[in-house]
Amino acid sequence: MVDYVYAGFESLAVSANSTEELTAGLEEYSSSVLKLVEADLSKYDVTSYLTSLAESDFLSDDALDSEFGILITLVNATLKFFKIQAAKATTKAKSVGLAEKDPFQDLINALDVYDLVFVYFFIAAGLTLIIMAIVIALNKKGKLGKGDWAAIGLRTVMGVALALIATVTVNYDAQQNFLSSVWMLPTVMMALLIVVVVDGVLGWVLPATETHKHTGEA
Amino acid sequence: MVTFAIIGSSFDPTSPEDSYVTMRQVSLTLMISRVVLIVQYGVVMLWVKNHRRLVIPLLIHIATFAVGAILCFKLLFSFTARSAGKAYFVWYVIIVMEALAVFLSSSQWRSLSFAHTNLNERCGLLTLIILGEGIIVLTKSVGLVVKGENFSSGIIAQIISAILIIVSRPRLPADRNQVQQLTSNLSISSTCSTSTKAPTLLLPPSCTTCGPSSTSPSTPPSSSSWKAPRASSPGVTPCKSSFQSPELLF
């Protein structure tokens, strides 16, 4: 969705031949995007940027700053709709010394949250599978057959693999490529499907052993 | 639950100073819920006070919830308009402590185990509810994304992936016996006779202390599984179950 906003903005900026044309186009585009993401117009207000753009020369530094401000505001509104925004405490702490409303700082804070969500999403997905392996071991209470060990090993390996995907944050370019691609959900989906399919095969090849019995007294 | 539903809309842990009243309400509700649990366990303990091996695990549970209630009560005074800080982390510590104490004592003392209870079904139903909420959020997000940009191969792949993740979650059993059940349509049943292959529904009338196994979702819980206390009655043959370990479920 952010790419869509950026692509629409870029096409307008490239196709405009004058400040008036650019201002009119951006005003219409901004109102449609803000309406689409149900933004609070009092918080995501582009009027000041449009006024500044209308008063500046075409392709001047002031005009580019105004365009940048409009783009950042639209992206912030889009991220807010998808509930990707920084906590108020973080916003207050990082805004010390800055202007009251700095949309660029808001965007940086929101993208930090996006990166954080990416990290703990994959760690949580991996830990889910690892905890399932622990549960299998606990349920059997020491009497583990070959099939049980295979199931534990499968879940542990896939869980560790999923959790280690979060380490892509070490390389900034790799992280941005992965985040902006469409491969995040398919990666988790393939890992879970591998576990489901191999589990089914193991159920046939190495059936589960009987659990221990006791009298069932209270 | 009603209290949590009412105060949920104004609950904001990211700014505890602004929502300190809601934090206090949550803490008070948690404390009251633990007091209610203490009373329930206390009533059960009164019924089984002559059975020493049942009193000790019940006392452990009561003590655990008492500690939790006291901590929640103390937290009431830490949420103020000036300084709430990270005090709400104590809630997580309380929950983890109680969960560990309950699970460990249930593993140690068979009298308070989760076997022959309806915990299995309830956890399964809760999982289904959570998965349903996930699907609702997914459809909302998909609706917005498609409104902005038309369907592309990437969007379609992500939608299919999200659906498959949600659908495959119940197919990831944490129990090998459930894996075998899924693959070979064999149901594990508890019995009240020497035969280990008796169907779950054919319970002999003399067997009143056992019920269907908690791993057979198609069989309803027997009335005996709702009885308290779960003491063995003299003169009734205790049933043999093929599935006795406490169910640790996700």
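Okay, a definition to start: buried means under 20% relative accessible area, exposed means over 50%, and partly exposed is in between, with a 1.4 Å probe and protein chains only. By that rule A:Leu185, at 26% relative accessibility, counts as partly exposed.

Quick housekeeping. This is a predicted model, so local features need pLDDT of at least 70 and side-chain atom pairs count only at pLDDT 80 or more, while totals for chains, interfaces and linings use all residues. Residues are numbered from 1 along each chain as its sequence is written, chains are lettered from A and ligands numbered from 1 in the order in which they are written, and side-chain values use heavy atoms, with hydrogens and water left out.

Back to A:Leu185. You'll find that residue in helix α9 of chain A, residues 184-205; helices here are DSSP runs of H or I, at least four residues, strands are runs of E, at least two, and both are numbered from the N terminus. So what does A:Leu185 touch, leaving aside its neighbours within four places in sequence? Contact means heavy atoms within 4.5 Å, and the list is A:Phe121 plus B:Gln158, B:Ser161, B:Ala162 and B:Ile165.

Now the rings. A pair of aromatic rings is described by the distance of the centres and the angle of the planes. The rule: rings of Phe, Tyr and Trp (its six-membered ring) pair if their centres lie within 6.5 Å; planes under 30 degrees apart are stacked, over 60 edge-to-face, and the rest tilted. That gives 11 aromatic pairs over all chains.

Take A:Phe118 and A:Phe178: centres 5.7 Å apart, planes at 70°, so that one is edge-to-face. This pair ties together distant parts of the chain, with A:Phe118 in helix α6 (103-140) and A:Phe178 in helix α8 (172-180), 60 residues apart.

Over in chain B, B:Phe79 and B:Trp91 make a tilted pair, 5.5 Å centre to centre and 45° between the planes. B:Phe79 is in the loop between α3 (52-75) and α4 (89-108), B:Trp91 is in α4 itself, and they're 12 residues apart. B:Phe79 is buried at 0% relative accessibility, and B:Trp91 is buried too, at 7%.

Last one, back in chain A: which residues do ring pairs link into a cluster? A:Phe118, A:Phe121, A:Phe122 and A:Phe178.
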